[in-house]
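Could you walk me through this structure in my viewer? I would like to know what to select at each stop and what I will find there.

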Amino acid sequence: MDKTVEALVIGSGPAGMAAALALKENGINEILIVEREDAPGGILLQCIHNGFGLHRFNEELTGPEYAERYINLVKDKKIEILSGTCALDIVDDGDSKKAILLSEEKGLLEVSAKVVILAMGCRERNRGNIAIPGTRPAGIMTAGLAQKMVNKSGYIPGREIVILGSGDIGLIMARRLTLEGARVKAVVEIQSYPGGLNRNIVQCLNDFHIPLYLSHTITKISGDRRISSVEIAPLGESREPQNEKSFTLACDTLLLSVGLIPENELSLKAGVILDKVTGGPVVDSNLMTSVPGIFACGNVLQVHDLVDWVSEESAYCGKAAASYVRNGLLKGREIPVKPGNMVRYTLPAKVIAGTEAVISLRPMAPAQNMSIIAKAGEKILYKKKEKKIFPSIMLRFPVKDMPEDAGCIEVFFSAEDKK
Amino acid sequence: MKQAFANNVYDCIILELKITDTKQKTGRIMNHKYDVIVIGAGVVGAAVARSLSRYKLRVAVVEKEADVSFGTSKANSGIIHAGFHDEPGSLKAKLAVAANREFDRLCEELEFPFERRGELMLAFTEEDVRILQFYFAWGKKNNVPYMELIGRERTLEMEPNINPDVMGALYAPTAGIICPYEYCFALMGNALENGVELFLNEKVIWLGKKENGEFEIDTENGLKLNSTYVVNAAGLYADDIAGYLGITDFKILPRKGEEYLLDRRVGNLVRSVIFPVPTKTSKGMLVIPTVDGPVMVGPTALDIEAKDDYATTRDGLKNVFMHAQKMVPSIRSSDIITSFVGIRPVATGNDFIVGATKVKGFINAAGIQSPGLTASPAIAEMVSSVLLKEGLRMEVKPEFNPHKRMSFTRVRHLLEERNFGKFREIIAGNKNYSKLVCRCENVTEAEIIGAIHRGHTTLDGIKFATRAGTGRCQGGFCTSRVMEIIHRETGMPIEQISKKGKGSEIFPIPLRKGVSRG
Ligand SMILES: Cc1cc2nc3c(=O)[nH]c(=O)nc-3n(C[C@H](O)[C@H](O)[C@H](O)COP(=O)(O)OP(=O)(O)OC[C@H]3O[C@@H](n4cnc5c(N)ncnc54)[C@H](O)[C@@H]3O)c2cc1C
Ligand SMILES: Cc1cc2nc3c(=O)[nH]c(=O)nc-3n(C[C@H](O)[C@H](O)[C@H](O)COP(=O)(O)OP(=O)(O)OC[C@H]3O[C@@H](n4cnc5c(N)ncnc54)[C@H](O)[C@@H]3O)c2cc1C
């Protein structure tokens with residue numbers, strides 16, 4: 001064994017850093033954060049727009065500024081970060097975990113840890129996964145790759161841009177590329193509502209007169225060496241493209257902003273069970289995965305839209321992991337949490353009786369005047385009116401004081417009675 | 001691949017292989033004279049080049065694309081056929097069956113992935129069963145060894161995931177699967193190690209015969225090359241090349257094939273290559289295991305007008321999955337991870353055209369449709385014999401080395417085996433093995449640098465040579481890193497780095513200094 005620590009944190013994005021800080025605050029001293037990039041900070045480092053930290057710091061920060069605050073805190077607490085180091089594998093090793101790390105500087109390392117916190121973030125979905133007919137020329141890439149290149153290296157992919165998908169990264173890139181002199185001709189969204197936050201629709205599209213085509217999709221890609229045009233068709237009643245109503249837009253770049261997928265290849269190797277809907281690990285209310293001693297937080301657990309919630313969730317996770325190191329496995333009856341009416345998913349999958357928990361969820365579709373309700377048997381644990389709900393906005397609320405004999409907690413939306 | 005960076009102004013990469021002086025090339029006139037020039041660096045050109053590298057000859061290969069195999073040879077089903085599909089007496093049948101036997105030795109020498117998995121042609125009706133018998137007879141005539149007609153039970157025992165309605169199958173155990181581009185790279189790499197020269201990004205636009213009987217070749221970039229013999233291995237454009245010399249007795253008709261690759265997660269649905277009974281124009285739509293693991297389904301077979309129609313279609317997709325699901329019901333189109341089109345160069349007459357022509361010294365290796373990948377080593381041997389008959393002096397070079405010299409470790413394999421001891425060893429030898437570039441397929445910087453030094457300088461070239469960017473994220477993460485490494489190793493400016501050669505640059509527009517806030 002090259003190194004033994006109490007806690008190993010994989011990933012140094014906002015999730016990893018917040019979890020590590022919470023571990024430290026809760027009495028864990030031997031902590032190692034590993035990060036495969038050259039520097040800590042995660043995806044935030046390429047998000048140079050502002051809008052981060054409104055909840056956490058009551059300020060509008062850029063991504064790098066938000067990251068820097070955490071990096072400084074981690075440094076102040078003397079928590080070790082090993083950059084340029086990728087975690088490749090995690091295996092059981094008695095009552096510890098053994099992680100195999102590949103470090104640019106130190107080569108292959110074996111690190112033993114009492115707990116492992118997974119904070120690997122997520123990756124973008126790509127064209128292959130959505131199989132658009134047509135050619136395979138240059139000029140098609142994920143919005144995040146374009147973001148990284150424009151913001152970190154100073155290159156743009158083209159001048160005539162079409163964006164497929166209205167996820168936040170795509171919206172932000174629409175504005176970013178417009179500011180760099182490119183023409184964004186359309187954002188095409190297959191759903192009948194936008195994938196990204198409303199604020200981004202307004203500030204990134206409307207303010208720049210960029211058309212958003214809802215309930216449309218790209219049905220063909222043309223171009224030999226470089227993309228030259230796309231064919232766009234509206235969807236009919238059956239959600240199938242209506243080819244007879246299609247139109248063609250000339251372009252030299254197609255950006256894909258069609259969703260994010262939690263990065264869980266490593267988790268699978270460690271034997272962690274994943275949730276089919278979120279793509280992240282199935283966790284209990286302590287954010288512990290199906291493998292005792294392995295925890296998860298941030299985008300690797302569920303794709304977040306606000307970094308503030310990432311920090312909050314991860315601090316909670318770090319605290320629970322610290323307790324695991326000190327007191328071992330928390331025993332107690334597990335009460336399952338189930339998504340009900342209009343709820344796409346809930347997380348965690350189960351709450352340990354007698355503890356408090358934070359429940360996150362996403363609505364199935366946009367709606368207005370709904371109440372979100374969490375119920376255990378006949379007891380209402382939580383109820384709040386929501387004027388408008390969107391799938392792009394995650395809701396989070398605490399629950400406590402569950403009845404001893406609760407069979408399960410059901411979380412659902414209920415239409416408000418008009419008063 | 002080693003190449004003469006003829007049209008590039010930046011410094012040439014340092015190659016371990018002998019290359020022709022680049023400075024001379026900036027003048028664009030190269031009065032180098034070769035014994036043989038091969039036009040086209042597909043599997044046929046590469047196999048011919050390697051065969052010729054055995055002899056004391058000056059051989060050059062001229063290719064219009066940015067890398068070897070970028071034509072039809074990278075985009076196919078990757079099957080080394082047993083040889084029962086083709087009509088007895090045809091060149092296709094003769095060469096495929098002869099070549100099939102060569103693959104164990106070739107694979108041993110050149111270290112490309114190849115596995116003999118066997119082919120199963122399935123019957124679902126009485127009529128199909130009669131068709132199996134017909135192909136069994138063809139196979140016998142073609143001297144395909146070890147074929148068997150097997151019943152339902154045994155078919156299902158061999159392939160539990162196929163449709164239980166199957167009535168029986170024609171089984172040919174000698175068929176294999178291969179990684180087509182790695183095979184091409186290995187052939188060409190070995191040819192280069194044995195002294196062949198390769199010109200990439202050089203499109204032949206004219207070919208003529210001078211008074212002294214020598215051929216003169218002009219490329220689009222103004223390169224001039226001379227030779228005594230020319231081998232026409234230009235795939236889809238072999239008719240144009242022959243046409244420059246007034247040879248017009250054949251045409252190449254493009255026949256399109258769409259293929260769909262499924263996610264690794266689907267698992268090993270089949271062990272052998274699964275065929276239906278053939279159609280008039282093709283072997284039908286297949287379920288194909290690949291050497292890398294994922295299952296592939298396809299190809300369609302559609303005669304098209306344009307030789308560059310590389311678009312997949314909704315109909316093609318539907319068609320492929322309808323047929324594939326009939327054979328393996330659990331296949332789903334939602335598992336597609338990527339798709340591609342390959343275009344078969346079908347010559348009038350429908351057979352391969354390999355041989356001398358009315359123009360002395362000009363040899364055709366044209367119309368190499370399926371099973372061209374399979375037949376490639378035999379086509380190359382046939383071309384060599386034709387050259388000998390046509391008067392080329394072919395003295396064997398004592399220093400010829402059939403073995404791949406520049407082999408390199410694939411970290412991916414070590415990690416799959418959890419062979420960490422060996423991994424530590426190779427890192428101790430080369431620190432770049434500890435820098436992970438492609439996280440989906442576990443490709444390290446050492447492997448990328450190795451590929452660049454063997455001449456792969458496009459993203460597609462590096463992808464084919466190392467697998468970087470072929471995994472789940474399809475390059476979302478590693479593209480920018482690979483670009484940085486190409487830039488560092490070759491000096492090529494970022495804005496010139498391309499997917500597959502000129503015109504396909506990834507980030508062609510550098511911004512002014514001082515980046516604004518978006
Ligand atoms: C493009 C984009 C724009 C966004 N815009 C906004 C916005 O405007 N406002 C807002 O509030 N939020 C925004 N967000 C959301 C917010 O930034 C993310 O939710 C947050 O960064 C997620 O944090 P994380 O730590 O979970 O993941 P990440 O920040 O992705 O960090 C994960 C880290 O783990 C590392 N890692 C992964 N695997 C390994 C491994 N095997 N070994 C070692 N290290 C590993 C990665 O290199 C990475 O550094 C945006 C997100 C994206 C992607
Ligand atoms: C969908 C599909 C599936 C197939 N499956 C199989 C299979 O499973 N098994 C099998 O055995 N066979 C298969 N084949 C057939 C096999 O792929 C071909 O027979 C083989 O690749 C042909 O090789 P080639 O070298 O003749 O052509 P190519 O690979 O096309 O090479 C010709 C080269 O010449 C170059 N060139 C053309 N014009 C010029 C010019 N003017 N100047 C310079 N260079 C030029 C081109 O760029 C190209 O690189 C399949 C084919 C397709 C399309």
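Start with chain B and colour it by pLDDT: the average is 91, and 92% of its residues score at least 70. Keep in mind as you look that this is a predicted model. Now select residues 1-28 of chain B, where pLDDT stays under 50. The model still gives this stretch 81 contacts beyond four places in sequence. Next pick residues 514-518 of chain B, another segment with pLDDT below 50, which has 17 contacts beyond near neighbours in sequence. Where pLDDT is low, the predicted coordinates should not be read in detail. For the model as a whole, the scores are ipTM 0.90 and pTM 0.89.

**Second stop: the domains of chain B**

Domain 1 takes in residues 7-74, 180-251 and 350-389, domain 2 covers 115-176 and 253-347, and domain 3 runs over 411-496. Now show domain 1 and domain 3 of chain B together: their C-alpha centres lie 29 Å apart. Where the two meet, 13 residues of domain 1 of chain B are in contact with 17 residues of domain 3 of chain B.

Centre the view on ligand 2 and show the residues around it. There are 39 of them, and the closest are Glu63(B), Ser73(B), Ile79(B), Ile368(B) and Thr374(B). Where does ligand 2 sit relative to domain 1 and domain 2 of chain B? Both domains give residues to its shell, so ligand 2 lies between them.

To see which elements take part, highlight helix H2 (43-52), strand E13 (252-262), strand E18 (336-347) and helix H10 (372-389) of chain B; each supplies at least two residues of the shell around ligand 2. Colour that shell by class and you will find 16 nonpolar, 16 polar and 7 charged residues.

Then zoom in on the polar atoms. Select Lys64(B): a polar backbone atom of this residue is 3.2 Å from a nitrogen atom of ligand 2. At Thr72(B), a polar backbone atom lies 3.0 Å from an oxygen atom of ligand 2. Asn76(B) brings in its side chain, with a polar atom there 3.1 Å from an oxygen atom of ligand 2.

Move over to chain A and centre on ligand 1. Which of the 33 residues around ligand 1 come nearest? They are Ala15(A), Glu35(A), Ile43(A), Ala87(A) and Asn299(A).

Stay with Ala87(A) for a moment: a polar backbone atom of this residue is 2.9 Å from a nitrogen atom of ligand 1.

Helix H1 (14-25), strand E3 (50-52), strand E6 (85-93) and helix H8 (307-327) each give at least two residues to the shell, and E6(A) has the largest share, with 3. By class, the shell around ligand 1 holds 16 nonpolar, 12 polar and 5 charged residues. Colour chain A by domain to end the tour: domain 1 (2-123 + 261-329) and domain 2 (126-258) each contribute at least three residues to the shell around ligand 1.

How values were computed:
Residues numbered from 1 in each chain as written. Chains lettered and ligands numbered in written order. Predicted model: local features only at pLDDT ≥ 70, side-chain atom pairs only at ≥ 80, totals over all residues. Heavy atoms only, no water. Near = heavy atom within 4 Å. Polar contact = N/O pair within 3.5 Å; in protein donor to acceptor, adjacent residues only side chain to side chain. Helix = DSSP H or I, 4+ residues; strand = E, 2+ residues; numbered from the N terminus. Nonpolar A, V, L, I, M, F, W, Y, C, P; charged D, E, K, R; others polar. Domains from an automatic or database assignment. pLDDT = per-residue confidence, 0-100. Contact = heavy atoms within 4.5 Å.
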